[in-house]
Amino acid sequence: MVKKIILQIPGMDCAAEEALVKQKFSSLAEITSLEFNLLDQQLTIIHNLPNDELVIKALQEIGMQPKNIDECCSVDHAKNELLPSTDKPYKAWGLLAISGIMAFSAEIISFKTNSESSSLVIALALVAILLSGRETIKKGLIAVRNFTININFLMVIAITGAALIGEWPEAAMITVLFAVAEMIEKYSLDRARNAIRSLIEITPESANVKNKQGEWEEQTIDSIEVEQIIWVKPGERIPLDGVIINGSTSVNQAPITGESMPVSKSVGDQVFAGSINEQGSFEFKVTTRANNTTIARIARAIKQAQSERTTTERFVDQFAKYYTPIMVVLAILIAAIPPLFYDTAFLPWLYKSLVLLVIACPCALVVSTPVTVVSGLASAAKHGVLIKGGTYLELGRKLKALALDKTGTLTEGKPTVTDIVSINGVDEKEILFLAASLDSHSEHPIAEAVVASWRKKDDKTPLLEINEFSAIIGKGVRGIMQGERYYIGNHRLIEEKGLCSTEVEAILERLEHEGKTTLILFNEKQAIGILAVADSLRENTHNVISELKALAVNPIMLTGDNPVTAATIAKKVGISEIYASLLPEDKLTEVNKLLAKYKTVGMVGDGINDAPALAKASIGFAMGAAGTATALETADIALMKDNLEKIPYFINLSKKTYQVLVQNISLSISTKLVFFILALLGKATLWMAVFADMGTSLIVVLNGLRLLKFNDIKK
């Protein structure tokens, strides 16, 4: 039986630990999959072993202390979905300070006495090594026992080698420097973790809930059920997702949608867990439990995104896999060949090989990529752009074309009826009444506009009962009213039924040239009336299209609307490539053609009707995903608010992320190359090598963290 276990492993945040785990499990055929999340220090294992205890025992044998995530971390609440914060290691820093003083004293005494092997120097060095290097030595010995080459293994060799050749002060200094750098690096990695955690730890622990007696009482969030009523006071954070049933207010929902300004909310409006009630008090009905709120789903999506390897990360992993062993072999050859074949002194070449071993570890290279990617993911999430994996963050810079749906994407998605044209003498009010009755069973935005238009005219007269209602995908709907079958749909539908007269054609042409979407109401015999619906453009659509063009991304319209209306809207916003009258399967076909032409293509839609095209595109963008479970779960990138300006922001973020990755990889490799040459020339010391290696790690981590402040977006 296949089993899955997710373990929390404190301290597993570097490639050294990952390599050690892989080596330990490499001989076990029952282990079918290992998935590492170094930033959250989590390991997911799929195995066929008799029980999970065998997995845990194997990890304990290599010095790790794993805990089952189900036991150590609750997943019922969003804020507990990520790694708990670590305490500040004051004690560890104190020990490092003492060991640093000891190592520095050993250096001073050896310099003044010109002896690096006196009893006092050795004693000071040993104390410094034992105080600051216990963990390094322990991990290094475990690596030796498991035949795993990692930074701890290399450091143990370097410390031991330095001591054996009498370089005791240097052995102490490299131990202390390495420990200091490790501590700072862990602090830097915690910043990346905290950046994600800060997005999640925003929901309160309890809320004021109306009980069965109608009284308000405080309850924990995890105990509150759907349909219960919660009262929120001014200044409080909203505890769960729901719909307002009493009162009005202004809500800051930046943690969810990235909006900079508070949003007015009243009865019937949706509110999200984690957002802040700015002004009035209100009551709302809970729509989701704590483990399924929008913020909880965001937490799960980010967590999943962290665990996925990007193209760059896979490259770095493969590079490190071969690079480190090659460098170790090279170090051995440097120590052995000159003394054996060229009659030179052994100790100087051994020292050079030790320096090379220290700079051989690719830690800076391996750590920099996940930190950079997660910082980019966190920055995007703060702006209401939920990226479902680092792969998409890297891919965004390569977008050459972006297909956009019209209704609800380029336009507001809130159409209104503008014209009712009678055919064959039927009264306009009767036309609207019949159309609203038939459309009342449809959830399409245009159908809802027809029903809303009737309600404005007459909200008392009940609509007709519909029998045998069915949707005709991409064309319209049909149903039986008062014993007669009626249809309401687009130009294509009436053409297929053979009822499109020259009169109908002329009316349709006139309305469509005005940029309006047309609907024809007809029965089995003839057309009855034509309704025109108009949808206003989003305020920022034209600017977004211009920005996309400036980024060398070709905007393309894919719409089910008629060609004339599509062309009118496209002209207004500056889109030249249009594909109209498309069914969902037609959009998929067009996306395939675009992929063949442009290679990397994005698709923007509502995440439901455009699902096939969104899935096929290189990157699928779902508009307005906040509170929409389907869009949030299925899209590659979920735009939490209906804001197209976040797409250029995403592309710029992708380009910046790639730029930082290239900077980090270049710095890591070039630093090692420089010190490799210096080591061969005898110009580099052990402590310089440690300082350079770990200093590079810190630089690339901090460089990656800069993405947390990336803010190239119009709010």
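Visitor: Where does Ser581 lie?

Guide: Ser581 lies in the loop between strand S23 (577-579) and helix H21 (584-598). Helices (H or I, at least four residues) and strands (E, at least two) are DSSP runs, numbered from the N terminus. The model is predicted: local features need pLDDT of at least 70, side-chain atom pairs count only at pLDDT 80 or more, and totals for chains, interfaces and linings use all residues. Residues are numbered from 1 along each chain as its sequence is written, and side-chain values use heavy atoms, with hydrogens and water left out.

Ser581 has a positive phi, near 55°, and is not a glycine. Most residues other than glycine have a negative phi. With a relative accessible area of 25%, Ser581 is partly exposed (buried is under 20%, exposed over 50%, partly exposed in between; 1.4 Å probe, protein chains only).

Glu227 also has a positive phi, about 85°, and is not a glycine either. Its loop runs between strand S6 (216-220) and strand S7 (229-232). Glu227 counts as exposed, at 51% relative accessibility.

Next, a strand residue. Asp419 is in strand S16 (residues 416-422). Its side chain makes a polar contact with the side chain of Lys516, at 2.7 Å. Such a contact is a pair of N or O atoms within 3.5 Å; within protein, one must be able to donate a hydrogen and the other to accept it, and residues adjacent in sequence count only if both atoms are side-chain atoms. Leaving aside neighbours within four places in sequence, Asp419 is in contact (heavy atoms within 4.5 Å) with Leu511, Lys516, Ile530, Leu531 and Ala532.

Now a sheet. Three strands form an open, antiparallel sheet in the order S10-S9-S12. Strands pair if DSSP finds at least two bridges between them. S10 (263-265) and S12 (276-277) stand at the edges with a single partner strand each, so one side of each has no neighbour in the sheet. S9 (residues 249-252) is joined to S10 by 3 bridges. Thr249 has Lys265 in S10 as its bridge partner.

Last, a helix pair. H24 (residues 646-681) and H25 (residues 686-705) pack at about 175°, axes 9 Å apart. Axes are lines fitted to C-alpha atoms, for helices over the stretch in contact; angles run from 0 to 180 degrees between N-to-C directions. H24 is therefore roughly antiparallel to H25 (over 145 degrees; under 35 is roughly parallel, 65 to 115 roughly perpendicular, the rest oblique). The contact includes Phe675 of H24 and Met688 of H25.
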